[in-house]
Amino acid sequence: MASSTIWSSGRYDAVGDRIAPIAGRVVDAADRRRPLSGAAMIDLACGTGSAALAATGRGARVTGLDITPELVDIAAGRSGADAVDWRTGDAADTGLPAASFDVAVSNMGIIFVDPDRQVTEITRLLKPGGVLAFSAWTRSAANPFFDPVVTVLGPPAPAAFSPDQWGDSAILSERLAPGFDDIDIASDLLRWEFESMAAALHFLRGESPMHVATFQRADPEQRERLAAEFEKALRPHEDGSGRVAFTAPYVVVCATLRT
């Protein structure tokens, strides 16, 4: 059955492949805190499985879980995927046994889940002294992948939480400090790069699930305005060869469940 989640729009694997280097950093952070060889690890909101597959290369015993079955199917078809126990489910209500994992990771996944429910579930899933490592986008002054949406459709409706709150050190610490120790926050930049403006616009209109869903909910006139505003926002990032590239800030967070 087709999924009703936003992540089944477009081609999430086109996004997952581009953010796979961040998945590698998440797995590195977890491995430094608790060697993954022989560890039981869960990749929550695993998407197309970049973090899960990277961890199997370190000798971890991995479960990958995502709410969107289409993404789990893609992950399960990738090279090396037979080493992972793939499951479809809610990252904040997995149904898996308590205290069954040494490590929990997520690459730009759990940040889209209700934080109170998600932290409660991670705390339940981890063994005492278990390690949590995940990535989150950081809010920036200008974002060519988001600002055009606000220009055309207006700001998002008020919500109880937003994904980039996990990139705010004060909010992040407030959420994790009650149950976790040794909270480490490492900042970095991801380079988004496209061979041409046409390729960048195709990514937004036909591949990136959140952007595809935005175009789908807009009326025809708004769609044309969105395309024009995205091109306008990306134009300053175009070089002499026509390539489009810019960087986006993010953090990798690592913490240890208090014993």
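Helix H1 (12-18) and helix H3 (50-56) each supply at least two residues to the lining of the largest cavity. Helices (H or I, at least four residues) and strands (E, at least two) are DSSP runs, numbered from the N terminus. The model is predicted: local features need pLDDT of at least 70, side-chain atom pairs count only at pLDDT 80 or more, and totals for chains, interfaces and linings use all residues. Residues are numbered from 1 along each chain as its sequence is written, and side-chain values use heavy atoms, with hydrogens and water left out.

**The cavity**

- On a 1 Å grid over the protein atoms alone, a cavity is a set of points where a 1.4 Å probe fits but cannot get out, and lining residues have an atom within 4 Å of a point.
- Grid points are joined across faces, edges and corners, and a volume is the space filled by probe spheres set on the points.
- The count comes to one cavity of 30 Å³ or more, and the largest cavity has a volume of about 90 Å³.
- Of the 13 residues that line the largest cavity, Tyr-12, Cys-46, Gly-49, Ser-50 and Asn-107 are the closest to its centre.
- The lining of the largest cavity divides into six nonpolar residues, six polar and one charged; here Ala, Val, Leu, Ile, Met, Phe, Trp, Tyr, Cys and Pro count as nonpolar, Asp, Glu, Lys and Arg as charged, and the others, Gly among them, as polar.

**The sheet**

- Seven strands form an open sheet with mixed pairing, in the order S3-S2-S1-S4-S5-S7-S6; two strands pair if DSSP finds at least two bridges between them.
- S3 and strand S6 (180-194) stand at the edges, each with a single partner strand, so one side of each is left without a neighbour in the sheet.
- From one strand to the next, the twist averages 15°, with axes taken as lines fitted to C-alpha atoms and angles running from 0 to 180 degrees between N-to-C directions.

**Strand partners**

- Strand S1 (residues 40-44) and S2 run parallel and are joined by five bridges; Met-41 has Val-62 in S2 as its bridge partner.
- Strand S2 (residues 61-66) also runs parallel to strand S3 (residues 84-88), again with five bridges, and Leu-65 stands opposite Arg-87 in S3.

Conventions:
On a 1 Å grid over the protein atoms alone, a cavity is a set of points where a 1.4 Å probe fits but cannot get out, and a pocket is an open set with protein on both sides within 12 Å along at least five of seven lines; lining residues have an atom within 4 Å of a point.
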